[in-house]
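These are my notebook entries on a structure that is new to me. I wrote down what I looked up, one topic at a time.

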Amino acid sequence: MPLPQAQFLDIRTALKQGIRLLREAHVPSDTLAAELLLIHVTRRDRTWLYAHPEELLAPETTELYFSLLRRRATGEPTQHLTGKQEFWGLEFEVTPDVLIPRPETEHLIEVALDRLAVRELRSGRDPKLTGEGLTLADIGTGSGCIAAALAKELPKAKIYATDISPAALVVAHRNATRLGFSDRIAFLESNLLSAFASSPNQLVFFDLIISNPPYIGCKETNTLPIEVRNHEPASALYGGEEGYELYGQLIPEATRHLKPGGLLVLELGHDSLPAVRPLLETSEWTTVQVTNDLAGIPRVLSAERT
Ligand SMILES: C[S@@+](CC[C@H](N)C(=O)[O-])C[C@H]1O[C@@H](n2cnc3c(N)ncnc32)[C@H](O)[C@@H]1O
């Protein structure tokens with residue numbers, strides 16, 4: 001779509017033209033994407049936009065808005081254009097170096113907090129957790145969203161967050177700093193839990209190991225939306241040819257690094273459960289639970305170390 005003729009476009013017209021441009025390009029959630037881009041360029045919020053439909057945009061704002069719309073129309077994720085995504089009520093910077101946090105990953109946090117609280121109840125302690133005395137590990141932290149959500153909910157916990165990607169760790173560290181959690185989360189470059197096992201006297205034991213590992217199969221690449229396939233980091237997406245391969249390394253490592261009674265909480269791909277659940281059906285694990293996401297997909301697998 002060519003740039004609008006009018007130099008001074010009002011909010012209502014800008015929004016309508018933006019939605020039309022994205023719709024013609026078959027962009028999913030076109031209205032939301034146009035709104036978010038307009039909110040981004042005007043530095044206003046949604047309420048303000050809808051309360052001021054007649055307000056005129058400055059020509060440079062209009063130009064920026066349409067340039068972002070065109071980038072969105074060719075497949076760049078909205079979050080890469082605005083540079084942010086909300087997760088667990090916190091705002092995270094996102095760049096092409098990290099996975100954009102997904103809403104279904106919030107189920108991981110819910111399951112972890114529920115199961116930690118149940119553990120307290122069973123031990124006759126107050127289930128209202130502060131995290132006092134708890135050591136947690138988020139494996140494959142990406143933007144740092146899981147570690148930061150846990151830091152928000154468990155203000156006294158000691159949290160480690162690892163990633164194999166140094167570029168992701170830079171973003172995660174910036175997020176933790178901006179959110180005020182940088183003194184409570186230790187970020188480490190590590191292949192899964194290897195950083196905690198360099199020598200026997202350096203072994204670290206955790207109360208909770210939580211992870212949203214890469215779980216898409218390389219063979220599924222062509223089924224992915226262009227936003228994901230061309231714009232999110234391959235190291236955050238693919239777990240191997242089938243997709244579930246990394247669980248086969250992560251679960252034995254977690255077995256060695258959890259305290260007795262420690263919890264493992266894993267996000268699953270849409271079809272990972274049949275391959276992954278059997279890995280927890282051993283004497284080393286108990287109370288294996290599966291939690292579905294809002295779409296009814298088995299999304300979280302959790303278990304307690306015996
Ligand atoms: C699916 S993303 C999850 C990111 C973030 N935790 C979230 O939920 O949005 C997986 C992350 O694991 C990291 N990763 C991939 N292989 C890894 C490995 N072997 N060890 C540690 N991290 C790994 C990727 O770099 C990526 O940041």
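I count two residues as in contact when heavy atoms of theirs lie within 4.5 Å. On that basis I looked up Glu35, leaving out residues up to four places away in sequence, and found that Glu35 touches Leu15, Arg46, Leu49 and Tyr50. The model is a predicted one, in which local features need pLDDT of at least 70 and side-chain atom pairs count only at pLDDT 80 or more, while totals for chains, interfaces and linings use all residues. Residues are numbered from 1 along each chain as its sequence is written, and side-chain values use heavy atoms, with hydrogens and water left out.

**Entry on Glu35.** I placed Glu35 in helix H2, residues 30-42; helices (H or I, at least four residues) and strands (E, at least two) are DSSP runs numbered from the N terminus. Is Glu35 buried or exposed? Its relative accessibility is 5%, so I noted Glu35 as buried, where buried means under 20% relative accessible area, exposed over 50% and partly exposed in between, with a 1.4 Å probe and protein chains only. The side chains of Glu35 and Arg46 are joined by a polar contact of 2.8 Å; such a contact is a pair of N or O atoms within 3.5 Å, of which, within protein, one must be able to donate a hydrogen and the other to accept it, and residues adjacent in sequence count only if both atoms are side-chain atoms.

**Entry on helix H4.** The buried residues of H4 are Thr61, Thr62, Tyr65, Phe66, Leu68, Leu69 and Arg72. Seen down the axis, these buried residues fall within an arc of 160°, so they line one face of the helix; the arc is taken from the directions from the helix axis to the C-beta atoms. They pack against helix H1 (11-24), H2, helix H5 (78-82) and helix H9 (226-229). Just after H4, I found Gly75 with a positive phi of about 115°.

**Entry on aromatic rings.** How many aromatic pairs does a search of the whole structure find? The search finds 5, with rings of Phe, Tyr and Trp (its six-membered ring) pairing if their centres lie within 6.5 Å, and with planes under 30 degrees apart called stacked, over 60 edge-to-face and the rest tilted. The ring centres of Phe87 and Phe92 are 6.3 Å apart with planes at 75°, so this pair is edge-to-face. Tyr160 and Phe196 also form an edge-to-face pair, 5.4 Å centre to centre with 80° between the planes. That pair links distant parts of the chain, 36 residues apart, with Tyr160 in strand E4 (residues 158-163) and Phe196 in the loop between strand E5 (185-189) and strand E6 (206-211). Both Tyr160 and Phe196 are buried, and ring pairs link Tyr160, Phe196 and Phe206 into a cluster.

**Entry on Glu104.** I placed Glu104 in the loop between strand E2 (90-93) and helix H6 (106-122), and at 23% relative accessibility Glu104 counts as partly exposed. Glu104 and Leu294 are 190 residues apart in sequence, yet 7.8 Å apart in space, C-alpha to C-alpha.
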